[in-house]
Amino acid sequence: MQRISSGIDGLDQILFGGLPKGRSVLVAGEPGTGKTTLCLQYLHHGLQQGESALFVSIDEKPEHVISDALSLGWDLDPFLESGKLHVMDITQHIGDFDSAEHTVDLGHVIETIMAKIKAIGATRVVIDPIAPLVFGDAHTQQIVSYIRGLIFALEDSGNINTLLTSYVPVGSEKVSSIGVEEFATSGIIILKLEPLHQRYVRTLRVKKMRGTRMELSAYHIEIMSGRGIVVRNPL
Ligand SMILES: Nc1ncnc2c1ncn2[C@@H]1O[C@H](COP(=O)(O)OP(=O)(O)OP(=O)(O)O)[C@@H](O)[C@H]1O
Ligand SMILES: [Mg+2]
């Protein structure tokens, strides 16, 4: 199996050589656990190697995504200017979840994302977060088939590596909102803040990764300016 570097050395080691190529992986965690940081590090790494990348942002303005990256030490401006990176805000496409138009909008959103990936030849894609696409229970069946369709479309070419993030309710053991993201993706990385000796530590754990060996332990991680996520010892 071919692999790509995640851009995080310790994570590549946990996976015995990197993320499986051409797959979609879910990055799940409560607010503030480092999901966006991990995704930015992964994109920046690919960009530095000459790849093209698409960051699909929902709920966060593209300017904020770009300034968050800069605060972590990654200047995305040259890649935006050269057209190697595109940050797409699809918040306005999501529309009103209570409206009957919702599923129609979702189909359009997925088409828009796939068209952009093609246009820029993106090999690294981030959708941060996927959760707003799967909220609402009135049309759950359709939403499930759209999300599954999106993940299949992304994995079809074998050349597009995707990270999707999902925020999990605080204190919950769930890793996704309705489960389909969890089953349809090829892998799951869980980020947490865990109590340890009267304080909290950040942890990273790989829950599944189809087609590869992996370490099951939770690892202590740090988020550092200029370096992003740094993997330390197992808990
Ligand atoms: N430049 C930085 N240096 C050190 N730590 C940082 C830096 N930028 C962010 N952090 C830390 O990283 C944490 C995680 O940020 P991040 O935005 O990646 O989390 P998230 O899981 O995407 O959160 P959300 O669910 O709210 O989107 C922040 O709460 C902050 O403590
Ligand atoms: Mg985030």
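**View 1. Strand 3 and strand 7 run side by side.** In this predicted model, strand 3 (residues 24-29) and strand 7 (residues 161-167) are parallel and joined by six bridges. Strands here are DSSP runs of E with at least two residues, helices are runs of H or I with at least four, and both are numbered from the N terminus. Look for A28, whose bridge partner in strand 7 is S166. Strand 3 also runs parallel to strand 8, with five bridges between them, and here L26 stands opposite I188.

A word on the labels and limits: residues are numbered from 1 along each chain as its sequence is written, while chains are lettered from A and ligands numbered from 1 in the order in which they are written. Since this is a predicted model, local features need pLDDT of at least 70 and side-chain atom pairs count only at pLDDT 80 or more, while totals for chains, interfaces and linings use all residues.

View 2. Nine strands make an open sheet with mixed pairing, in the order 5-4-6-7-3-8-9-10-11; two strands pair if DSSP finds at least two bridges between them. Strand 5 (85-89) and strand 11 (228-234) are the edges, each with a single partner strand, so one side of each has no neighbour in the sheet. From one strand to the next, the twist averages 25°. Angles run from 0 to 180 degrees between N-to-C directions, with axes being lines fitted to C-alpha atoms, for helices over the stretch in contact.

**View 3. The hairpin of strand 8 and strand 9.** Strand 8 (residues 187-196) and strand 9 (residues 199-209) are antiparallel, and 10 bridges hold the pairing. Two residues sit between the strands, and H197 takes a positive phi near 45° in this hairpin. P195 has Y200 as its bridge partner, and I190 has R205. On to strand 10 (residues 219-224): three bridges join it to strand 9, again antiparallel, and L204 stands opposite Y219 there.

**View 4. Helix 2, tucked in.** Helix 2 has 14 residues and spans 20 Å from its first C-alpha to its last, close to the 20 Å expected (that is, 1.5 Å times one less than its number of residues). Because 12 of the 14 residues are buried, helix 2 is largely enclosed by the rest of the structure. Among the buried ones are L38, L40, Y42 and L43. Helix 2 lies across several strands, including strand 3 and strand 7, and runs at about 160° to strand 6 (124-128). Helix 3 (residues 62-71) packs on the sheet too, touching strand 4 and strand 5 and making about 135° with strand 5. Just after helix 2, G50 takes a positive phi of about 90°.

**View 5. Around ligand 1.** Of the 14 residues around ligand 1, P31, G32, K35, T36 and T37 come nearest; a residue counts as near if its C-beta atom, placed from the backbone, lies within 6 Å. Helix 2 (35-48) and strand 10 are the elements giving two or more residues to this shell, and helix 2 supplies the largest share, three residues. The shell divides into five nonpolar, eight polar and one charged residue, where Ala, Val, Leu, Ile, Met, Phe, Trp, Tyr, Cys and Pro are nonpolar, Asp, Glu, Lys and Arg are charged, and the others, Gly among them, are polar.

Definitions and conventions:
Contact = placed C-beta atoms within 7 Å. Buried ≥ 20, exposed ≤ 12 C-beta atoms within 10 Å, placed from the backbone.
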